[in-house]
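Keep the structure open as you read.

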Amino acid sequence: MAIVFEKPKSLTSKEFHYCPGCPHGIIHRLVAEAIDTLGIEGKTIGIAPVGCAVMAYDYFTCDMVEAAHGRAPAVATGIKRARPENIVFTYQGDGDLASIGMCETVHAATRNENITIIFVNNAIYGMTGGQMAPTSLPGQVTQTSPYGRDVKIQGYPIKVAELLSALDAPYYIERVAVNNVKNVKHAKQAIEKAFRNQIEGKGFSLIEVVSACPTNWGMTPKKALEWVDSDMIPYYPLGVFKDRSKEEEAK
């Protein structure tokens with residue numbers, strides 16, 4: 001009997017620690033499938049963040065490094081410059097990347113460092129119990145915004161893809177989602193393209209993945225995926241925000 005579906009070789013057999021219904025498992029699989037497809041497992045180095053994915057080193061079969069909170073792009077930069085023959089990626093959440101790590105993210109992007117960043121935006125701090133994140137929506141109820149995010153007090157959410165696409169240097173920035181089959185299939189293509197850009201030496205690629213957090217949103221997994229579609233995606237529209245390959249083709 002032909003095998004039509006199996007675990008990617010770049011994922012270990014360790015059971016995920018994530019909450020039931022958490023899409024981190026889907027995103028891990030997509031990253032692993034990209035590594036398998038491109039045949040780069042033996043030379044890939046991943047950077048684990050501080051956040052829900054802090055133990056990502058348990059799940060990928062490639063070499064992994066643990067970074068201090070928010071410093072994954074800086075660690076990735078150092079590794080890539082020291083070992084340019086390796087493929088280096090970071091896997092970060094919105095608190096890690098868009099709050100304490102915003103400086104590292106922006107400066108890695110504006111230098112067009114030849115690294116790949118997988119940025120998971122679930123609009124809340126997951127590991128620490130559901131506090132308001134830089135990406136929490138206006139009016140969104142969290143542990144630290146019990147009456148909803150008030151933009152007059154807490155400001156507006158940070159739209160990372162839009163912010164970084166305003167820079168001249170980054171090569172490829174796209175926002176995807178993993179709330180349904182169609183979006184998961186497209187997310188896979190985008191993540192693979194981001195890795196391929198690095199293999200070809202093109203520079204900085206960031207894939208923002210709009211995701212869910214059923215536990216801290218106080219929703220069932222099904223309702224959380226529906227909320228991604230009804231509330232998250234309208235505020236964080238999907239699409240390519242920067243692709244310098246298109247600019248180069250147009251010249």
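How far apart are the mean positions of the positive and negative charges of the protein chain? They sit 2 Å apart, counting 26 positive and 27 negative charges. Here Lys and Arg count as positive and Asp and Glu as negative, with His and the chain ends not counted. Each charge is placed at NZ of Lys, CZ of Arg, CG of Asp or CD of Glu.

A quick word on ground rules. This is a predicted model, so local features need pLDDT of at least 70 and side-chain atom pairs count only at pLDDT 80 or more, while totals for chains, interfaces and linings use all residues. Residues are numbered from 1 along each chain as its sequence is written, and side-chain values use heavy atoms, leaving out hydrogens and water.

Now the overall build. The protein chain has ten helices and seven strands; these are DSSP runs numbered from the N terminus, with helices being H or I of at least four residues and strands E of at least two. Its radius of gyration is 17 Å, close to the 18 Å that the globule rule gives for 251 residues, so the chain is as compact as a globular protein of that length. That radius is taken over C-alpha atoms, and the rule is 2.2 Å times the number of residues to the power 0.38. Of the 251 residues, 53% count as buried, meaning under 20% relative accessible area with a 1.4 Å probe, protein chains only.

On to the inside. The largest nonpolar core has 34 residues, and V31, F60, F89, I118, I191, F195 and I207 touch the most other members. Such a core is a set of buried Ala, Val, Leu, Ile, Met, Phe, Trp, Tyr and Cys residues joined through side-chain atoms within 4.5 Å. Among the elements that each supply at least two residues are β3 (87–93), β4 (116–121) and α7 (181–199), but α1 gives the most, with seven. Take I191: leaving aside residues up to four places away in sequence, I191 touches L30, V31, A34, I118 and I207, where contact means heavy atoms within 4.5 Å. A second, separate core of 22 residues includes A72, A98, A109 and L167.

Finally, look at P134, in the loop between β4 and α5 (151–154). P134 is buried, with a relative accessible area of 13%. Beyond residues up to four places away in sequence, P134 touches several others, including D94, A98, Y125 and Y156.

Terms used:
Buried means under 20% relative accessible area, exposed over 50%, partly exposed in between (1.4 Å probe, protein chains only).
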